Every structure is written in structure tokens, then in C-alpha cells.
Amino acid sequence: MEKLIEITNKAVADYGFRQIVQWSPEDIAAQWQLSTREVELLTGIIKDELDRLPIPVEPSEVPQEQERVADIIRQALS
């Protein structure tokens, strides 16, 4: 779970990294050594949430969006 939260935190703050997460999840999965369940979340609900974010996320809104997506990950894994 912590890996996914770290990945999404970076993706919320950095649009270039977000594009990699959204469109090359297999690269992220290999680099971060994600489990099968984590890959499912990355290519499912996490991608959906990243797709909904504005381009770019305003700096003042980054912490709020990071926490929102982290809560979604926590709920999915509980």
C-alpha cells in the first residue's frame, strides 16, 4: 500500500510522472516491484482517479488531492 501511495503522491504533483503511471503501468509495476493486487489497483481505480485530475493540479491543491487518492487506496486494500 505504501508504494502505491508514494507513486500516486508523485503522480498528483508531477504531470509528466502521472502520464507514465497512466499509460505505462507495466513500467511502474516493474520498477516498483508491485504485487499483482497492487497492479490491479494501479490499472483500475488509481488510473481512473488520475484521469479525473486537472492538468496540472494547482500547487495549493496537491496535498488535498494526494490525501484523497491515498484514502481511496486505503479503502480498496482494507
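**Exercise 1. Find which residue lies over the face of W23, and at what distance from the ring centre.**

Solution. K47 lies over the face of W23, 4.0 Å from the ring centre. The criterion asks for NZ of Lys or CZ of Arg within 6 Å of the ring centre and within 35 degrees of the ring normal. The charged end of K10 sits over the ring of F17, at 4.5 Å from its centre.

The model is predicted: local features need pLDDT of at least 70, side-chain atom pairs count only at pLDDT 80 or more, and totals for chains, interfaces and linings use all residues. Residues are numbered from 1 along each chain as its sequence is written, and side-chain values use heavy atoms, without hydrogens and water.

**Exercise 2. Describe how helix α2 and helix α4 cross, and list the residues in contact.**

Solution. Step one: helices are DSSP runs of H or I with at least four residues, numbered from the N terminus; here α2 covers residues 15-23 and α4 residues 36-52. Step two: their axes, lines fitted to C-alpha atoms over the stretch in contact, come within 9 Å and cross at roughly 145°, the angle running from 0 to 180 degrees between N-to-C directions. Step three: R18, V21, Q22 and W23 of α2 meet L42, K47, L50 and D51 of α4, where contact means heavy atoms within 4.5 Å.

**Exercise 3. State how many helices and strands the chain has, and give its span.**

Solution. The chain has 5 helices and 0 strands, where a strand is a DSSP run of E with at least two residues. From the N terminus the order is α-α-α-α-α. The C-alpha trace spans about 35 × 25 × 15 Å along its principal axes.
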